[in-house]
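Hi everyone, thanks for making time.

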Amino acid sequence: MGLERLKRTAKAPYPARSPVERVMTEQATAETRGFQTEARKLLKLMINSLYSNREIFLRELISNASDAIDRLRFESLKDDSLTADDPEFKIAIEFDPDAGTVSVVDNGIGMGRDEAVENLGTIAKSGTEEFFDALTGDEQKDSALIGQFGVGFYSSFIVAGEVEVLTRRAGEDIGTRWTSTGEDEFTVEDAADLPRGTRVTLTLKPDAKEFAESFRLRSVVRKYSDHVGVPVLMAKESGGQDEDDDDDDDTELEAVNSAKALWTRPRNDIDDDEYKEFYKHVSHDFDDPAAWSHNKVEGKLDYTSLLYIPKRAPFDLWNREMPRGLKLYVQRVFIMDEADEFLPLYLRFVRGVVDSSDLPLNVSREILQQDDRTRTIRNALTKRVLDMLAKMDAEEYGEVWDEFGLVLKEGLGEDFANKDELLGLLRFASTHDSDPTQRTSLKAYISRMNGTSEQADPEQEAEADEESTDDESDRDTVDDESGGKRQDKIYYLIADSDAAARSSPHLEAFRARGIEVLLLSDRIDEWWMSFVEEFDGLKFQDVARGELDLDDEADESKEDEKKSDDEPLLKRIGEVLGDKVESVRESKRLTDSPACLVLGEHDMGIQMRRIMEATGQAAPDSKPHFEVNLAHPLVERLNDEADEDRFGDVVSILFDQASLAEGNAVAEPGAYVQRVNKLLVELLG
């Protein structure tokens, strides 16, 4: 019976538990554990992956030394005895090529034993950050503390097989010696007879012995730490003398950094020569800058900018892939050379520096991360550059426009937020000026609208410029003195060159009526015009596109009477040209030429077609409109031509001539030459 009962018990289902029992059981088995950190792997990851450039180690050690000195400055305000033994703050770099060592020495705040264990023995532990957090709001603004990540010190192990730190805190008697090989252990012990501050000595790896050479160290200091506010000292170079004859105790030291960050000084304390000299330093340009702007912004974001407009374009201006941008500093310490996040690409010619401690750098301080702060500074600096350009006098800006005008035009297709500011900066050739080197602005163009083609004096232009801000509705309803319609558009013409534009038949009607036309001949003009519709309430109108409405009512009534008589001729011409054209119509553009080709309102122009062909893209098919000047003697004679062959030859020649006037190639050059020769023979016969 016992065996049977055992079998039945084994087959019975697991007894059901109530919900309360299940929860209590799960709570009994759940526990919270900390993540397991393998210190050796983490340290190796930081050393080998965090920094991409080996020379960064010197920047980080100098930055730490600078922070230690700044911390001592603050503490000495409360206790001046801390600096009584050595009041002159400095950082020194010592090196020994034979031993393969390099040392960075400072007389800053130093560390006690517990601080050395906590700060050097704990990865990502930053004494600077803790000190900064303890400061008040005003003290934080006045401080120039740099290292707040707590990892810069470990960059030493990129080049060092062993690191020794000798340090004594200001106000204490006993110092500390800390050593490590960058593995998972370090040694710390007391040390006597140490000066105030910290000495970090690196025993260089065999492949890093270059950093035990004077020239290499000096170049790194000048690149990254030139503007640190404390002198960085090194042994003065002997100039070829035997260094073994010198007594080490009498070694003369010299500062290898300028220790002056021009942008951190008040503008009133800096003269023009200093600004020009600093521009040459940051840009490697021999010429003086055309303009500069120095500003310090405080508030939600704190940053300082010093921006320069060069006089001459660099040779690689048109290589959009080249790295370029402003120099980025954090508390006077150089971070990157081409920080292109602060200005749009069309302002790539601008030089200068940005210094801010509010930017979202990555831990290694080699990469600038994108966020709202970066975008806010970018927007502000962009507007500042555009404002600099707008405030330049006409002659100086004319020179800048000749160098960078094409680049600024790129902004109209890339920076819609500043479109109006960019349009105000544009300069154009115009039928108003016979000199092709003269340029006019859109404001000046508007000031001359509905007036004569003669040059107005500056006062008249200023008055007209104010009037040009009237509403568009006012322009439409007011007639000019001649009784015709008042101009309510900005007229322009795009051509391959200034000469081609000035000789274009599309300008004939505008010249006859004294209407100014802007002449565009840069290779990107049609591209940026596709992004712009109006300026100051006036729409842009391409004189070589669509139908024009330039005639007054008297002319329109005469044309209506004559139109019915000319329709057969237009139809006859259309039969000759066939599918080469979209339509044949009477022209309101021409006064001297017999015919011209006109683009449809939404057709692609010759510039965009060439750009697409150059990039291997197929341009969409489109046919031009063939406009005929019915008042031209040749066209009048053509209307009476009974010989269909001759009529066809003349029409074809007119079409090919119109194509040539537009800058297009003749579709059949051989046939064109034969037709011309045939007519010449008949004429001479």
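Aspartate 288 counts as partly exposed, at 26% relative accessibility; here buried means under 20% relative accessible area, exposed over 50%, and partly exposed in between, with a 1.4 Å probe and protein chains only. Its salt-bridge partner is lysine 280, with the closest N and O atoms 3.2 Å apart, and lysine 280 is partly exposed too, at 27%. By salt bridge I mean a side-chain nitrogen of Lys or Arg within 4 Å of a carboxyl oxygen of Asp or Glu.

Before I go on, this is a predicted model, where local features need pLDDT of at least 70 and side-chain atom pairs count only at pLDDT 80 or more, while totals for chains, interfaces and linings use all residues. Residues are numbered from 1 along each chain as its sequence is written, and side-chain values use heavy atoms, leaving out hydrogens and water.

How many salt bridges does a search of the whole structure find? The count is 40. One of them joins glutamate 254 to arginine 218, closest N and O atoms 2.8 Å apart. That pair links distant parts of the chain, 36 residues apart: glutamate 254 is in strand β8 and arginine 218 in helix α8. Helices (H or I, at least four residues) and strands (E, at least two) are DSSP runs, numbered from the N terminus. Arginine 218 is buried, at 5% relative accessible area, whereas glutamate 254 is partly exposed at 25%. There is also a network of salt bridges linking Glu55, Glu210, Arg216 and Lys223.

Now to the sheet. Eight strands form an open sheet with mixed pairing, in the order β5-β4-β3-β6-β2-β1-β7-β8; two strands pair if DSSP finds at least two bridges between them. β5 (186–191) and β8 (253–255) stand at the edges with a single partner strand each, so one side of each has no neighbour in the sheet. Further in, β3 (residues 160–168) and β6 (residues 197–204) run antiparallel, joined by eight bridges. In β6, valine 200 is the bridge partner of valine 165.

Last, the packing. The largest nonpolar core has 72 residues, and Ile309 and Trp528 have the most contacts inside it. A core here is a set of buried Ala, Val, Leu, Ile, Met, Phe, Trp, Tyr and Cys residues joined through side-chain atoms within 4.5 Å. Helix α11 (residues 394–414) gives the most to this core, eight residues. A second, separate core has 58 residues, among them Met111, Val221, Val230 and Val232. Thanks, and I'm happy to go back to any of these!
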